[in-house]
Amino acid sequence: MDGSVAGGVARSVDRSGGAPVVGDTIQLGIAVDIPEPWGGALTRRRVEAGDPLVVPAHVTLLGPTEIPVAALPAVERHLAAVAVAHLPFTLHLRGTGTFRPVTQVVFVAVAAGISECELLAAAISAAPELHREARFPYHPHVTVAQDVAPEALDKAYEDLAGFSAMFEVDSFTLFSHSGQARWQPRRDFLLGV
């Protein structure tokens, strides 16, 4: 669905399939999807590590945030304005990192595109409905193992140390979670359009 935005026209692609929203609140998340063939490979690697959260590989721009359903149209207008204000960019994923011992996470590192992800994340969370206190500073990455046995974390860290992928990011995706099913894509917001 196309939407007007001050200063330009935003293009977004509805991926919700018209799925109804149930209840007074909705959980949202916003991310950059990792395209194939890398996305599938990183998702499979997370499953192989024994990670119980089977979610497609992504770079989070806004972690799970609960908002009133009534605020969803305003949030989508805000996201369209953010997308228009940011140009597509190259994202380079390379090597691994970890947040241990603070949290039990191994990730594929963002080697280029860090600033662009940081600017997008800051602009997205500028909406009052999406602002939330962060437990940790924002650090763009692709989680490949989380809250699994130390041996599985070590293996993911070692196995993906030589990983490299470079691709153009031309959109980000709004996901929603009803509490009943997995995270579902609702809408893609095209950058610079």
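Is Arg 46 buried or exposed? Arg 46 is buried, with a relative accessible area of 7% (buried means under 20%, exposed over 50% and partly exposed in between, using a 1.4 Å probe and protein chains only). Keep in mind that this is a predicted model, where local features need pLDDT of at least 70, side-chain atom pairs count only at pLDDT 80 or more, and totals for chains, interfaces and linings use all residues. Residues are numbered from 1 along each chain as its sequence is written, and side-chain values use heavy atoms, with hydrogens and water left out.

- Arg 46 sits in helix α1 (helices are DSSP runs of H or I with at least four residues, strands are E runs with at least two, and both are numbered from the N terminus).
- Setting aside neighbours within four places in sequence, Arg 46 has contacts that include Asp 51, Leu 53 and Thr 143 (contact means heavy atoms within 4.5 Å).
- Leu 61 belongs to strand β4 and is buried too, at 4% relative accessible area.
- The C-alpha atoms of Leu 61 and Cys 117 are 7.0 Å apart, though 56 residues separate the two along the chain.
- Beyond four places in sequence, Leu 61 touches Cys 117, and also Ile 30, Tyr 138 and Phe 172, among others.

**The largest pocket**

- Its volume is about 1,500 Å³ (a pocket is an open set of points on a 1 Å grid over the protein atoms alone, where a 1.4 Å probe fits, with protein on both sides within 12 Å along at least five of seven lines; lining residues have an atom within 4 Å of a point).
- Of the 43 lining residues, Thr 60, Leu 62, Gly 63, Pro 64 and Arg 132 are the closest to the pocket's centre.
- Strand β4 gives the most to this lining, with 7 residues.
- Sorted by class, the lining has 25 nonpolar, 10 polar and 8 charged residues (Ala, Val, Leu, Ile, Met, Phe, Trp, Tyr, Cys and Pro count as nonpolar, Asp, Glu, Lys and Arg as charged, and the others, Gly among them, as polar).

- Helix α4 (residues 150-159) has Ala 152, Leu 153 and Ala 156 as its buried residues.
- Down the α4 axis, those buried residues fall within an arc of 100 degrees, so they line one face of the helix (the arc is that of the directions from the helix axis to the C-beta atoms).
- Exposed Glu 151 and Glu 158 are on the face of α4 turned away from its buried side.
- The cover over α4's buried residues includes α1, β5, β6 and β7.
- Buried residues of α2 include Leu 72, Glu 76 and His 78.

Technical notes:
Grid points are joined across faces, edges and corners, and a volume is the space filled by probe spheres set on the points.
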